[in-house]
Amino acid sequence: MRLLNKDAVIIGGGPAGLAAAIQLKKNGIDNILIIEREKNLGGILRQCIHDGFGLTRFGKSLSGPEYAQIFIDEANDLGIEALTDTSVINITYGKVVTAVNRGGIFHVQSKAVVLAMGCRERTRGAINIPGARPAGIYNAGVAQSYINLHNTMVGREIVILGSGDIGMIMARRLTLEGAHVKAVFEAQAYPSGLPRNIEQCLNDYGIPLYLSHTVTKICGRRRVEGVVVSRVDSAFSPIDGTEKFFSCDTLILSVGLIPENELSLMAGVELDRRTRGAYVNDSFETGCSGIFAAGNVLHVHDLVDFVSIEAEELAASAAEYVSSDCLPKASIVVVPGRNVGYAVPQRVSGEKNFTLSFRVKQPIENCKVTVSQGGNVISEVKMRKAIPANMIQIKISADRLESGKEIEVTAV
Amino acid sequence: MTGQLICIVCPAGCEMTACIKDGKLEVWGEKCKRGLEYAEREFTNPMRTIATSVLVDNGELPLAPVRLDNPVPKKQIFNIMREIKAVRLEAPVHIGQIVLSDVCGCGSDVVVTKNVGRAQPRL
């Protein structure tokens, strides 16, 4: 069996993996390898043909494939080795990565491993929609792949469940391709996607959005013939007597994303039940020494620009680890406090500046975000409106931190 | 006349209030001047960009994604979609390749946003 030796193996050739690899190389780590299961690099950006990517990072609005190509070109120019059509099937605590492709199975002993596998969509099974199991039920990203990559239309009369960004973007895409999108239903009392997408993907095309509504039955024998929609209460329980039938041939689900961490678990990486990603410190190192995580595998981001930036920050630390074999010990715990759903990183060393990323649990008007340690306010930010759809980031400077005491972030 | 609008220029999605007073537009709530420009256009002639795809013959992929390089009047979107649908390209195609210039006279070009190489011959 083949055994390679690498300084760093990057698992996943999407935006996180590409940015991490490029930055590792720029930090002088030459012996690196990207492993990508798809035929091409670029990850999910390949099918995100709408524009709006890169506004933060490049100051212009690019499509997903264009954004990805900038990184792919740079990786090629730097001579970074990438294996595509290759699936990683195991990672050990000792950082032996096992992968398989048409040439067979091989192992890579690496000094550092970068987890950049991204996330996947929640499915019908995960949200338990009752009813029949006909054809015509797609996750939004699957429908996006059919239409944008495979030239296959998924349906004509569409109902969308969930107001995630991909669902709304697909509402517009399907409308442009001649389908009739009847409505978007959202169980929560507020939209889960960005306000600009409600505006430019739904309102522009006259597609209604019903909040506090969910699909309670799927009808149809061979193909979807319609769905029953009910109003839900604040505990998401359907309210009797509010059922309404909507005829349609297709149901699209945009009901959330889950970091894809099966490989991380094989290595013994401990996950945070809030983010469903790894617990990491301010070096983006997981609980396993030398195994790092960034991007959507760590926590689901709102914008790809922030994925790239996070992966670059990871790379700086991973490069330090490869050269020195040790990173500052992180003993200060960061906890999400009132109205905060999660906070990343979950532990910090207090020795370097870091970016705290988090989301609020529900929309808050005139919101005050406070980062404090042992009663001392470290940072305070006022926002006109904080919504769960936006990831909030605050830069924390190390000289304001004390050792040992817990850091808490709250939003009121 | 007063209206609420959400800026779509960037992901911040500023919630703005706009009102026409003595024939002049006043705007509150925007965080940058692009919001102001957006509000002005929204009240006179709403503009949008769109992205879609075109067929590629003999390509490694059946489609190449395209987008408009400038916003166009909202009411022209479906006319433009019809024009784009009629396009067929021959592989290879490259990012930045213009497939339609000044589409529907709207002052915007339709440009390819993904490199699609020629299909490998089957052995």
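1. The second largest pocket in this predicted model has a volume of about 870 Å³. Of the 35 residues that line this pocket, those closest to its centre are K385(A), I387(A), N390(A), A12(B) and K31(B). Here a pocket is, on a 1 Å grid over the protein atoms alone, an open set of points with protein on both sides within 12 Å along at least five of seven lines, whereas a cavity is a set of points where a 1.4 Å probe fits but cannot get out; lining residues have an atom within 4 Å of a point. Grid points are joined across faces, edges and corners, and a volume is the space filled by probe spheres set on the points.

2. Residues are numbered from 1 along each chain as its sequence is written, while chains are lettered from A and ligands numbered from 1 in the order in which they are written. Because the model is predicted, local features need pLDDT of at least 70 and side-chain atom pairs count only at pLDDT 80 or more, while totals for chains, interfaces and linings use all residues; side-chain values use heavy atoms, with hydrogens and water left out.

3. Returning to the second largest pocket, at least two lining residues each are supplied by α6 (195-202), β25 (376-386) and β26 (392-396) of chain A and by β1 (2-6) and β2 (15-21) of chain B. The element that gives the most to this lining is β25(A), with 5 residues. Helices (H or I, at least four residues) and strands (E, at least two) are DSSP runs, numbered from the N terminus. By class, the lining holds 22 nonpolar, 7 polar and 6 charged residues, where Ala, Val, Leu, Ile, Met, Phe, Trp, Tyr, Cys and Pro count as nonpolar, Asp, Glu, Lys and Arg as charged, and the others, Gly among them, as polar.

4. The domain assignment divides chain A into domain 1 (1-121 + 257-327), domain 2 (123-255) and domain 3 (328-412), with bounds that come from an automatic or database domain assignment. The C-alpha centres of domain 1 and domain 2 of chain A lie 31 Å apart, and their contact takes 9 residues from domain 1 and 16 residues from domain 2, contact meaning heavy atoms within 4.5 Å. For chain B the assignment gives domain 1 (2-44) and domain 2 (51-112), whose C-alpha centres lie 30 Å apart.

5. How many cavities of 30 Å³ or more are there? The count comes to 1 cavity, and the largest cavity has a volume of about 100 Å³. Its lining includes I49(A), H50(A) and D51(A), together with T49(B), I50(B) and A51(B). The largest share of this lining, 4 residues, comes from α5(A), and by class the lining has 5 nonpolar, 4 polar and 3 charged residues. Domain 1 and domain 2 of chain A both give residues to the lining, so the largest cavity lies between them.

6. Two packed helices are described by the angle between their axes and the distance between the axes. In chain A, α4(A) and α5(A) pack at an angle of about 35°, with their axes 9 Å apart; axes are lines fitted to C-alpha atoms, for helices over the stretch in contact, and angles run from 0 to 180 degrees between N-to-C directions. The crossing of α4(A) past α5(A) is left-handed, a term used if the near helix is turned anticlockwise from the far one by less than a right angle, with right-handed used if clockwise. Among the residues that meet are Q144(A) and N148(A) in α4(A) and I169(A) and R173(A) in α5(A). The residues of this contact divide into 7 nonpolar, 4 polar and 1 charged.

7. The contact is made by L18(A), A19(A), I22(A) and K26(A) of α1(A) with A68(A), F71(A), I72(A), E74(A) and A75(A) of α2(A), and by class it has 7 nonpolar, no polar and 2 charged residues.

8. Most residues other than glycine have a negative phi, and most peptide bonds are trans. The peptide bond from V344(A) to P345(A) is cis, with omega near 0°, and P345(A) is placed in the loop between β21 (340-344) and β22 (347-348) of chain A.
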